[in-house]
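Q: Could you walk me through this one, starting with the ligands and then the contacts between the parts?

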Amino acid sequence: MNKKMLSGLGLLMSAGVYAGTAAALEGDPEQGKQVSATCVACHQADGMGKNNPKAESWPRLAGLPEAYIARQLHDFKSGERKNASMTAFASMLDEQKIADVSAYYAGLEDWPELPTAYHAADPDDAAEWLADRGDWENDKFIPACSQCHGPNGQGVGASFPPLAGQHEAYLKAQLENWRNGKRHNDPNELMAGVANRLDEDQIDMIAEYYATLPERLEARGTQQEEDGQ
Amino acid sequence: MSLHTSHLPKAGTLISALGVSALTFSLAAMAQDDGVERDYQVQLPEPPDGEVTFTPPEESALGDKQYDEMVRLGRDLFVNTQALRGENVFNEQNCSNCHLDAGRLAHSAPMWAAYGVYPAYRGKNDKVNTLSDRIQGCFTYSMNGKPPEKGSEPLVAIQTYMHWMATKAPNNTSLPGRSYPSLEEAAQEPDRERGAEVYANECAVCHGDNGAGQFVGDRTVFPPLWGDGAYNWGAGMHRINTAANFIKANMPLSKPYSLSDQEAWDVAAFVNSHERPQDPRLRNVESVDKAQELFHQHNGVYGQEVDGKRLGDHADYGENPGPNDS
Ligand code: HEC
Ligand code: HEC
Ligand code: HEC
Ligand code: HEC
């Protein structure tokens, strides 16, 4: 593990979680750009991916944490995370190429920074309530998504990826993948339990909520400026 | 080193030799001295067994009367207590960090179960203690803060929020779901080193290798468990049994009851053998020895030696400037 990554990763290198992961190499974004030539067909030249409501969606990669990208690529290779398209492409990458392409996409464009100020969740907005307050009743014990994914779902460190602004169909597919066992690579199954306890309506509504949140926050901000607040 | 649940620090023997009445007397005498903050963080009585049947009302049922607005303000202060940072709060905590789901969750010391059990007589300071006293205690210790005055807006708001949550709850009755569920005595002595392993595997991903928590902007996402941003040496959570109980039923977040009892004991011993802001009561007694003797006759390691250093042997009160220079 190189120094730069260590400090970027912050504190999450908990031995148990990362045991077994091959030591990461220093990534070179220039080299990574060349590797990305095989990715752009799906993840697009700007790394922004694409929502394909009828077919498989391609997630936005630009601005995801470097260590998160690298780990997902390892997991596609090892089969911890199953997806036909990605297993094929990840398997073509050696350790160095994984490091390079992760550095490239992480630095391509920052994930949008969203407001962090406290905002009381509206009890009549079921999606906002789930995102900011969770669903604890009847022993469901579903914490608020923001308790792990940060205020407005903008991500925390390299273990908790951003959700806000990710494509709706992709978010939905991931929640389903945890439920049907295609994805079981989350640290300590922190996400698996949450996904399993959600119901179908909650999955639909929360995927849409996070996919459209940055736009709505921007609209809210503009509105407040016009109101002179 | 290992820690035993019933292991009393050195001073313990001294006290029992002096006799309990002497201790009670000295505390009662101190309680009359306004300068001395009393021990409000004593352990709660064991809650009754049985199924949790009480459900607090939904926030969607709130209207727009002044009462409802006060409930909302209390809710805001409960989940975003950082709004009072620098005035009443001097660490990185929010009330909801230890009272989950905004104080609604059973077995997470829920507020609906607390509302109706105060005022309560407590032998320890030989006084009838009110709900405000108890809330002020969590400000002084858990929030390493300065409690808002009785009758002040923050205190009225939090109490109104609690009053509303307890709508239709029986009065003056300890309800199932109160407090944190008590674990059995540990089979093996709680061990800090085994606890370190549990911590690295199960907790560090959120609370960080060095217990400092994680933040986004100035929002606490994962609260610090030790160091300046954490609860201080007077807080209920610094007792190993209280922390073990809390952890078993509530941590790792989203995976309650996933640790074995032994793991919960061990990791609580590990977390609570780290430095944290000084017990504010030390400001009014002459030495750590004295504070240990008066306030730490319970399952904690304040004043004990860990890795060659005596815990609590310092004058670091975190960010709290103390009573005089505010
Ligand atoms: C044929 C289309 C396709 C190509 C080419 C492709 N990907 Fe993907 N990628 C996907 C799909 C589909 C997913 C979502 C997989 C799932 O549902 O688990 C994905 C997911 C990912 C993820 C996980 C993102 C997250 O948020 O967890 C990463 C990282 C990734 N791809 C990197 C790459 C890289 C690097 C390349 C090039 C070397 C690449 N992909 C090439 C289709 C593709
Ligand atoms: C207890 C912590 C926790 C909570 C609460 C939580 N998540 Fe997660 N989530 C995670 C972790 C950890 C990951 C990363 C998994 C990995 O590394 O593969 C994740 C990943 C995800 C992903 C995949 C993102 C991607 O880019 O592939 C989605 C979608 C997601 N979470 C949605 C949610 C939603 C919606 C909620 C609220 C209902 C939620 N999460 C609550 C821990 C949590
Ligand atoms: C660091 C953790 C922590 C924080 C933060 C915290 N508390 Fe507590 N609180 C506790 C513990 C521990 C207890 C005692 C539980 C026990 O002994 O079982 C407690 C007990 C209480 C009780 C009495 C419960 C009962 O059933 O009698 C009230 C009321 C309370 N807290 C209010 C608050 C308020 C209000 C705040 C925010 C200003 C707050 N707490 C912040 C840990 C915390
Ligand atoms: C998925 C992230 C996550 C994991 C893993 C996790 N915690 Fe927590 N922990 C939290 C959050 C978030 C809170 C605050 C709860 C809230 O606000 O609802 C918290 C609160 C606490 C508190 C309350 C004290 C305070 O100062 O606020 C303690 C003690 C604690 N955790 C201990 C642990 C221990 C021990 C483990 C490992 C066994 C652990 N946690 C694992 C996220 C986590």
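**Ligands, contacts and confidence**

Q: Which residues come nearest to ligand 2?
A: Of the 26 residues around ligand 2, the nearest are Cys145(A), Cys148(A), Asp186(A), Met191(A) and Ser254(B), where a residue is near a molecule or strand if its C-beta atom, placed from the backbone, lies within 6 Å of it. Ligand 2 lies between chains A and B.

Q: Before we go on, how are things numbered, and what kind of model is it?
A: Residues are numbered from 1 along each chain as its sequence is written, while chains are lettered from A and ligands numbered from 1 in the order in which they are written. This is a predicted model, in which local features need pLDDT of at least 70 and side-chain atom pairs count only at pLDDT 80 or more, whereas totals for chains, interfaces and linings use all residues.

Q: Back to ligand 2: which element gives the largest share of its shell?
A: The largest share, 4 residues, comes from α9(A), and α9 (145-149), α10 and α11 of chain A each supply at least two residues. Helices (H or I, at least four residues) and strands (E, at least two) are DSSP runs, numbered from the N terminus.

Q: And how does that shell around ligand 2 divide by class?
A: The shell around ligand 2 has 18 nonpolar, 7 polar and 1 charged residues. Here Ala, Val, Leu, Ile, Met, Phe, Trp, Tyr, Cys and Pro count as nonpolar, Asp, Glu, Lys and Arg as charged, and the others, Gly among them, as polar.

Q: You mentioned α10 and α11 of chain A; at what angle do they pack?
A: α10(A) and α11(A), residues 190-197, pack at an angle of about 95°, with their axes 8 Å apart; the axes are lines fitted to C-alpha atoms, for helices over the stretch in contact, and angles run from 0 to 180 degrees between N-to-C directions. That makes α10(A) roughly perpendicular to α11(A), since angles under 35 degrees count as roughly parallel, over 145 as roughly antiparallel, 65 to 115 as roughly perpendicular and the rest as oblique.

Q: Which residues make that contact?
A: On α10(A) they are Leu175(A), Trp178(A) and Arg179(A), and on α11(A) they are Met191(A), Ala192(A), Ala195(A) and Asn196(A), with two residues in contact if their C-beta atoms, placed from the backbone, lie within 7 Å. By class, the contact of α10(A) with α11(A) has 5 nonpolar, 1 polar and 1 charged residues.

Q: Switching to ligand 1, what comes nearest there?
A: Cys39(A), Cys42(A), Asn83(A), Ser85(A) and Phe89(A) come nearest, out of 24 residues around ligand 1. Two or more residues of that shell are given by each of α4 (40-43), α5 (66-78), α6 (84-91) and α10 (168-180) of chain A.

Q: Why does ligand 1 lie between the domains of chain A?
A: Domain 1 (3-108) and domain 2 (126-226) of chain A both give residues to the shell around ligand 1, so ligand 1 lies between them; the domain bounds come from an automatic or database domain assignment.

Q: And ligand 3, which residues are the closest?
A: The closest of the 27 residues that surround ligand 3 are Cys95(B), Cys98(B), Cys138(B), Ser142(B) and Gly236(B). α6(B) gives the most to this shell, with 4 residues, and by class the shell divides into 16 nonpolar, 9 polar and 2 charged.

Q: How many residues does the contact of chain B with chain A take?
A: That contact takes 29 residues from chain B and 30 residues from chain A. On the side of chain B that touches chain A, the largest share, 5 residues, comes from α8(B), and the residues of that side divide into 10 nonpolar, 8 polar and 11 charged.

Q: Where is the cis bond to Pro119(B)?
A: The peptide bond from Tyr118(B) to Pro119(B) is cis, with omega near 0°, and Pro119(B) is found in the loop between α5 and β1 (120-122) of chain B. The bond from Met251(B) to Pro252(B) is also cis, with omega near -10°.
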